[in-house]
Amino acid sequence: MIRVRGIRKAFGKQQVLRGVDFTLPAGQVLVIIGPSGSGKTTLLRCLNLLEVPDHGTLELGNVSFAFTPGAKLRPQDVLSLRKRTGMVFQSFNLFPHMTALGNVIEAQVTVQKKRKSEAEETARLLLGKVGLADRADYYPHKLSGGQQQRVAIARAMALEPEVLLFDEPTSALDPELAGEVLKVMKQLAAEGLTMVIVTHLMKFAEEVADHVLLMDEGLIVEEGPPHEVFRNPKSSRAAQFLSVLTD
Amino acid sequence: MSDRQIQIVTDSFWPLLKAGVLYTIPLSLITFALGLLLAIVTALARMYAWAPLRWVAGFYVWIIRGTPLLVQLFIIFFGLPMVGLTLDAYPSAIIGFSLSVGAYGSEIVRAAIVSIQKGQWEAAYSLGMTRVQALRRIILPQAARVSVPPLGNSFIGLVKDTSLAAVITFAEMFRRAQQIVATTYEPLLLYCEVAVIYLLFSTVLSVLQNVSERYLERYSAS
């Protein structure tokens, strides 16, 4: 379970997050939508501390943080949080000097100190899960964008994280390739993985989300189950945003 | 060319090549290996170390890049004995050239590390790696690839620069040529001959450089 309270974050003078709260029970899928610059990607990156919030608290399982400006976090706490989260990036960020298999093995051996053979077994299983068992020995630049992103999903799952974070995972892909990534994500959601997804794809959000957050200017302006947020938005800001999207 | 001159050129070819193979090449290889190690340590120190270490590294690069290599060699070989530190020509040359490769190489290594996309660090961090793990497993292997072409150029430059060791009495190839000139009085012939052998070495190295670059490209589209 993830619990976030009063998260604030500024880059210089610009307030990007202005007090965000949410709770995500295990096994659920949270989708964050909102216009560009609304702070949704920053919020996601705060969940594995790629960005460190200025204020607020973050709990994930039994690790918890209370943020105050300028305070140093204990490195072992940060590492322990990151081992419990997996992240999938918009631009994939696969390690180009390793094969697909090597990418999925890497953290298991370096971070978890697993035996190579054991790590390889897990990696092959995960690559099979994302439909790329036959591409295990390919280097990233020999794979299509959709395939690369699926390897990235397998890599993010390699440490058996408690939650998977997706930062606009299909924005760099054309629709056809995006489809194969979305299919994998739906399958993972159906298997009961806890996921937080930042996306612009409303139809996908509606299909896969248990809960939707709509953000604007660093705040949550609307939240609830997808059919409510999408069909009957309570706030005028949400209605406006959704109408622009459906045009 | 007279028969005598042809005779001198052919007689001196093998002694020159031998000096090259026995001294110029090993000196280049040893100093390049040591210098590269120094370059990596210096680059990392300048980027990530505790502030005083960062200054030490910056100071070292500033001194070495700001003074002539020839002067550095003189200080090491002729100057240091004045403070009781007498070194033979070979170790003096190794120290002088290694320091030089280390300083210039550190800039190449630093540029290569900086050129690796931020997303690679983030991907490593998101998997729970520490900075040291991310550097060792993700960033440095990629930076190594980026720095192969400029380091190859440095190595070719180094092979030619080792001729400077002649002035501190190290018996490498150019010094050997000078010795032969002293007995034959044919400076034009001998110096051109030794130039051709340096050219031969550089050409072989350029070819090796191209081959290695093509080999590395197999793994990256960019």
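In what order do the four strands of the open sheet in chain A run? The order is 2-1-4-5, and the pairing is antiparallel. Please keep in mind that this is a predicted model.

- From one strand to the next, the twist averages 15°.
- Five bridges join strand 4 (residues 55-60) and strand 5 of chain A in the antiparallel sense, and A:G56 has A:F67 of strand 5 as its bridge partner.
- Lying across strand 1 (2-11) and strand 2 of chain A is helix 1 (residues 40-47), which runs at about 120° to strand 1.

**A helix pair in chain B**
- Helix 4 (residues 89-115) and helix 6 of chain B have axes that come within 8 Å and cross at roughly 150°; the two helices are therefore roughly antiparallel to each other.
- Their crossing is right-handed.
- Among the residues making this contact are B:F97, B:Y104 and B:I108 of helix 4 and B:I139, B:V146 and B:L151 of helix 6.
- By type, the contact residues divide into 13 nonpolar, four polar and one charged.

**Where the chains meet**
- Chain B brings 18 residues to the contact and chain A brings 19 residues.
- On the chain B side, helix 5 (118-126) and helix 6 (131-161) are the elements that give two or more residues, and helix 5 gives the most, with six residues.
- That side of chain B comprises eight nonpolar, eight polar and two charged residues.

Technical notes. Residues numbered from 1 in each chain as written. Chains lettered and ligands numbered in written order. Predicted model: local features only at pLDDT ≥ 70, side-chain atom pairs only at ≥ 80, totals over all residues. Contact = placed C-beta atoms within 7 Å. Nonpolar A, V, L, I, M, F, W, Y, C, P; charged D, E, K, R; others polar. Axes fitted to C-alpha atoms, helices over the stretch in contact; angles between N-to-C directions. Parallel < 35°, antiparallel > 145°, perpendicular 65-115°, else oblique. Left-handed = near helix turned anticlockwise from the far one by under 90°. Pairing = 2+ DSSP bridges.
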